[in-house]
Amino acid sequence: MILTFSNDIQAADGERRVISGKIAPYGEVGYTSAGAVVFERGSISIPDPTQIKLLMQHQTTQPVGRMMANSVQDS
């Protein structure tokens, strides 16, 4: 199953063309294409972040970048 969801951009560097933001807050209700979900700590694994495409409006034909890195942060 592929889930799609949106979240706010928290920071942007226009010169370097880098954005950052929270993808999935742990332990909070989020709303996806499949309805309400809660992600628990450890439920998301990203072995190689550089293989994750960033898409325009979730359209696979409109990639706009790639993930550079990811981290797990406490709320």
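Mentor: We begin with a term: contact means heavy atoms within 4.5 Å. Keep in mind also that this is a predicted model.

Trainee: Which residues does valine 64 contact, leaving aside its neighbours within four places in sequence?
Mentor: By that cut-off, valine 64 is in contact with Leu54, Leu55 and Met56, once the neighbours within four places in sequence are left aside. For leucine 54 there is a distance as well: its C-alpha atom and that of valine 64 are separated by 5.7 Å, although the two residues are ten apart along the chain.

Trainee: Where is valine 64 found?
Mentor: In strand E6, which covers residues 63–66.

Trainee: Why does valine 64 count as exposed?
Mentor: Its relative accessibility is 51%. Exposed means over 50%, so valine 64 counts as exposed.

Trainee: What makes Ile52, Leu54, Met56 and Val64 a patch?
Mentor: A patch of nonpolar side chains takes residues with over 30% relative accessible area and no salt bridge, joined within 5 Å. These four form such a nonpolar patch on the surface, and together they have about 310 Å² of accessible area. For Val64, the 51% relative accessibility can be set directly against the cut-off of over 30%.

Trainee: Why is threonine 32 called buried?
Mentor: Buried means under 20% relative accessible area. Threonine 32 has 13%, and therefore counts as buried. Its place is in strand E3, residues 29–32.

Trainee: What does the side chain of threonine 32 reach?
Mentor: The side chain reaches the backbone nitrogen of alanine 34, at 3.0 Å. A polar contact needs a pair of N or O atoms within 3.5 Å, and the 3.0 Å of this pair is inside that limit.

Trainee: How do you know that E3 and E4 pair?
Mentor: Two strands pair if at least two bridges are found between them. Four bridges join E3 to E4, and the two strands run antiparallel; therefore they meet the condition for pairing. As one detail, tyrosine 31 has alanine 36 in E4 as its bridge partner. A hairpin of two residues joins E3 to E4.

Trainee: Is alanine 24 buried or exposed?
Mentor: Buried: its relative accessible area is 14%, and the cut-off is under 20%. Alanine 24 sits in the loop between strand E2 (18–21) and E3.

Trainee: Why does arginine 41 count as partly exposed?
Mentor: Partly exposed lies between the two cut-offs, under 20% and over 50%. Arginine 41 has 49%, so it counts as partly exposed. Its loop runs between strand E4 (35–38) and strand E5 (53–55). The C-alpha atoms of arginine 41 and valine 72 are separated by 8.5 Å, while the residues are 31 apart along the chain.

Trainee: What does the secondary structure of the whole chain come to?
Mentor: Zero helices and six strands. The order from the N terminus is β-β-β-β-β-β.

Trainee: How many of the 75 residues count as buried, as a percentage?
Mentor: The figure is 8% of the 75 residues. The chain exposes about 6,400 Å², and carbon and sulfur atoms supply 51% of that area. Among contacts between residues at least 6 apart in sequence, 27% join residues at least 24 apart.

Note on methods. Residues numbered from 1 in each chain as written. Predicted model: local features only at pLDDT ≥ 70, side-chain atom pairs only at ≥ 80, totals over all residues. Heavy atoms only, no water. Patch = residues over 30% accessible without salt bridge, like charges linked within 9 Å, V, L, I, M, F, W, Y side chains within 5 Å. Areas by Shrake-Rupley, 256 points an atom, 1.4 Å probe, with all protein chains shown as cover. Salt bridge = Lys/Arg side-chain N within 4 Å of Asp/Glu carboxyl O. Buried < 20%, exposed > 50% of the residue type's maximum accessible area, 1.4 Å probe, protein only. Polar contact = N/O pair within 3.5 Å; in protein donor to acceptor, adjacent residues only side chain to side chain.
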